[in-house]
Amino acid sequence: RVFLRAINQYADMLNKKFLDQANFELQLWNNYFHLAVAFLTQESLQLENFSSAKRAKILNKYGDMRRQIGFEIRDMWYNLGQHKIKFIPEMVGPILEMTLIPETELRKATIPIFFDMMQCEFHSTRSFQMFENEIITKLDHEVEGGRGDEQYKVLFDKILLEHCRKHKYLAKSGETFVKLVVHLMERLLDYRTIMHDENKENRMSCTVNVL
C-alpha cells in the first residue's frame, strides 16, 4: 500500500509537470509505466494463488491493488494524447502483461488500450504493423510462460471486435487482425495444455498447428 501511494504521487507529478509539449519527459513516463506494471504483476498481489481465507482477508483490508493501479495505468495512457505514438511498440508487452492478469474488471478496463494503440499507429503511418508484430511475438512468450486463458481469449475477441467495427477505417483490417490473434491464442493454449501429454502424436499435432 505504501508503494502504491508513492507510485500514485509519482503519477500526479508526471501529469502536472511533465505532460505538456514543452516539458514532456519520455524516459520518466516510460519508467512510470514499467514500474506500475511491475507492481501490478508482482507475485505477492496475485490473489488467485492464495487460499480463500487469505484472499478474503487481503481483499477486506486492502482491496485488490492490481485493479487500483491498473485503472491508474489506463488513465495515464489516455492522458498521453499526442505522445502515445512514442510508446508504440515498446509498451505493447507491458500492457499485455497487465491485461493477462486474471481479474475480469481489470481486463475489461485495459484491453481497449490495444485498440487505442492500433488507432494511434494507423493515424501516424496508415497501418498498425508494428503493433501487430509486437503483440504476436509477446503473446507467444506470455502464453508459453503460463499466462492467458479461455476467458481472456473471449474478452479480447469481443472487446476489440466491437471497437474495430465502429471505426471507419479500421473495421476490415481490424477484424482480420483480431481473428488472427484469437486463432493464434487458441493454438497456443492448446499447445500449452498438451505440452506434458505422453502422446507424442498429440504434441506434434499441436506444434504443427501453432507453426
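These questions and answers concern a predicted model and the grounds on which some of its residues are described as they are. Local features need pLDDT of at least 70 and side-chain atom pairs count only at pLDDT 80 or more, while totals for chains, interfaces and linings use all residues. Residues are numbered from 1 along each chain as its sequence is written, and side-chain values use heavy atoms, with hydrogens and water left out.

Q: Why is Arg 126 called exposed?
A: Exposed means over 50% relative accessible area, buried under 20%, and partly exposed in between, with a 1.4 Å probe and protein chains only. Arg 126 has 55% relative accessibility and therefore counts as exposed.

Q: Where does Arg 126 lie?
A: Arg 126 is in the loop between helix H7 (112–125) and helix H8 (129–144), where helices are DSSP runs of H or I with at least four residues, numbered from the N terminus.

Q: What makes the phi of Arg 126 worth noting?
A: Arg 126 is not a glycine, yet its phi is positive, at about 70 degrees. Most residues other than glycine have a negative phi.

Q: Why does Arg 1 count as exposed?
A: The relative accessibility of Arg 1 is 54%, so Arg 1 counts as exposed. Arg 1 lies in the segment before helix H1 (2–17).

Q: What is said of the peptide bond from Ile 88 to Pro 89?
A: This bond is cis, with omega near 10 degrees, whereas most peptide bonds are trans. Pro 89 lies in the loop between helix H4 (65–79) and helix H5 (92–99).

Methods: Helix = DSSP H or I, 4+ residues; strand = E, 2+ residues; numbered from the N terminus.
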